[in-house]
Amino acid sequence: MYHRVTALFLFLIVAQQLSAQSRGGTLIGSVSGPSGENIAAANVTAQNDATSVTQSLQSSPHGRFAFVNLEPGTYTVRVKCRGYAEATRNRVVVRPQGQTVVEMRLAPSSPKGAPSESGNS
């Protein structure tokens with residue numbers, strides 16, 4: 001647990017330093033499964049609601065992600081990963097030179113033909 005907290009703290013410091021170099025904001029977070037396990041290589045997208053500009057990346061081996069120098073505004077964040085239902089977080093606000101943290105928890109995907117849930121967290 002100590003190593004996870006230390007790694008997250010260092011991650012936050014680096015992200016903060018990078019965002020301070022520009023007018024844009026930083027959107028950081030993590031992707032985890034239903035039991036709290038980190039999910040690596042999840043596809044994470046951040047779409048600016050006003051401009052529809054979308055940026056994508058994959059979560060790290062520790063399930064973390066960071067979008068640096070995003071134009072300030074309101075975003076929709078989506079996470080997809082094989083074996084899990086897609087998760088969406090709406091109305092995520094990124095402020096100029098600010099840091100926004102989003103924790104995304106994915107649910108197992110539904111069997112084919114079964115209704116799926118939105119995965120909002």
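Leaving aside residues up to four places away in sequence, Val-44 touches Val-31, Gln-55, Ser-56, Leu-57, Ser-59, Phe-65, Phe-67, Val-77, Arg-78 and Val-79. The structure is a predicted model. Strand E2, residues 43-48, pairs with E3 in the antiparallel sense, and five bridges join the two.

The pairing of E2 with E3 belongs to an open sheet of four strands, ordered E3-E2-E5-E6 and paired in antiparallel fashion. Strand E3 (54-58) and strand E6 (87-94) are the edge strands; each has a single partner strand, so one side of each lacks a neighbour in the sheet. From one strand to the next, the twist averages 20°.

Val-44 is also a member of the largest nonpolar core, which has 19 residues. Leu-27, Val-31, Val-44, Phe-67, Val-79 and Leu-106 are the members that touch the most others in this core. Two or more core residues come from each of strand E1 (25-32), E2, strand E4 (64-70), strand E5 (73-80), E6 and strand E7 (99-105). In soluble globular proteins, nonpolar side chains tend to be buried together.

Confidence was examined for the chain and for one segment. The average pLDDT of the chain is 86, and 74% of the residues score at least 70. Over residues 116-121 the pLDDT stays under 50. For residues 116-121 the model has 17 contacts beyond four places in sequence.

Definitions and conventions: Residues numbered from 1 in each chain as written. Predicted model: local features only at pLDDT ≥ 70, side-chain atom pairs only at ≥ 80, totals over all residues. Heavy atoms only, no water. Pairing = 2+ DSSP bridges. Axes fitted to C-alpha atoms, helices over the stretch in contact; angles between N-to-C directions. Core = buried A, V, L, I, M, F, W, Y, C linked by side-chain atoms within 4.5 Å. Buried < 20%, exposed > 50% of the residue type's maximum accessible area, 1.4 Å probe, protein only. Contact = heavy atoms within 4.5 Å. pLDDT = per-residue confidence, 0-100.
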